[in-house]
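Time to open my notebook and look a few things up. I'll start with the overall layout and then work through single residues.

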Amino acid sequence: MMKIAFAVVALLAVAAQAYEHEDYHSHPSYKFEYGVKDPHTGDHKSQWEHRDGDVVKGQYTLEEADGTHRVVEYSSDKHNGFQAHVKRVGHAHHPEVYGHHEGGHSYGGHGHGKGSSYANGNLYFHH
């Protein structure tokens, strides 16, 4: 039993010694990027980011419901803090036809396309 206790104390001493020599001021550096392009859901977006020390730069884009693309370029550093520049690219387009569709039903009870309405807590379905 004494040998086990001594071994545990020795391991804790080694762990503590390693912990004390941890460099908390190391130079952080990374790069990443990802993207999604799902034709089924229409989810289209991407992002990249680079960090070198205290300087971070990145960009993300996403497709808005109106067909435009939002592009956000951002940076952060000690001297300027966080800054973001947002751009909208493209022209918004909306469906020109609203209401009942030929041969089908309009869901939502208000004749505005196929969506359901939760306005005022009511949900209408027409059959």
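Predicted model: local features only at pLDDT ≥ 70, side-chain atom pairs only at ≥ 80, totals over all residues.

I needed one definition before counting anything: helices (H or I, at least four residues) and strands (E, at least two) are DSSP runs, numbered from the N terminus. With that, I get 1 helix and 5 strands in the protein. Reading along the sequence, I wrote down the pattern α-β-β-β-β-β.

Residues are numbered from 1 along each chain as its sequence is written, and side-chain values use heavy atoms, with hydrogens and water left out.

**Overall numbers**

I looked up the accessible surface, which comes from the Shrake-Rupley method with a 1.4 Å probe (for residues, only the protein chains shown count as cover). The protein has about 10,800 Å² of it, and 57% belongs to carbon and sulfur atoms. Next came burial: buried means under 20% relative accessible area, exposed means over 50%, and partly exposed is in between (1.4 Å probe, protein chains only). Of the 127 residues, 13% count as buried. I also checked contacts, meaning heavy atoms within 4.5 Å. Among contacts between residues at least 6 apart in sequence, 10% join residues at least 24 apart.

**Strand β1**

Y30 sits in strand β1, residues 29-38. How exposed is Y30? Its relative accessibility is 34%, so I put it down as partly exposed. F32 also comes out as partly exposed, because its relative accessibility is 34%.

I then searched the whole structure for aromatic pairs and got 2. In the pair of Y30 and F32, the ring centres are 6.4 Å apart and the planes are at 25°, so the pair is stacked. The rule is that rings of Phe, Tyr and Trp (its six-membered ring) pair if their centres lie within 6.5 Å; planes under 30 degrees apart are stacked, over 60 edge-to-face, and the rest tilted.

Y30 and F32 turn up again with Y34 and V36 in a nonpolar surface patch, with about 330 Å² of accessible area together. Patches take residues with over 30% relative accessible area and no salt bridge, joining like charges within 9 Å and nonpolar side chains (Val, Leu, Ile, Met, Phe, Trp, Tyr) within 5 Å.

**Salt bridges**

A salt bridge is a side-chain nitrogen of Lys or Arg within 4 Å of a carboxyl oxygen of Asp or Glu. I found 5 in the whole structure. One of them joins K78 and D54, with the closest N and O atoms 3.6 Å apart. K78 is in the loop between β4 and β5 (81-89) and D54 in the loop between β2 (43-52) and β3, so I noted a link between distant parts of the chain, 24 residues apart. K78 is exposed at 67%, while D54 is partly exposed at 43%.

R70 and E64 make another bridge, 2.7 Å from N to O.

**D66**

Where is D66? I found it in the loop between β3 (55-63) and β4 (69-77). D66 is buried, at 11% relative accessible area. Its side chain meets that of R88 in a salt bridge (2.1 Å, N to O). R88 lies in strand β5, so this pair ties together parts 22 residues apart in sequence.
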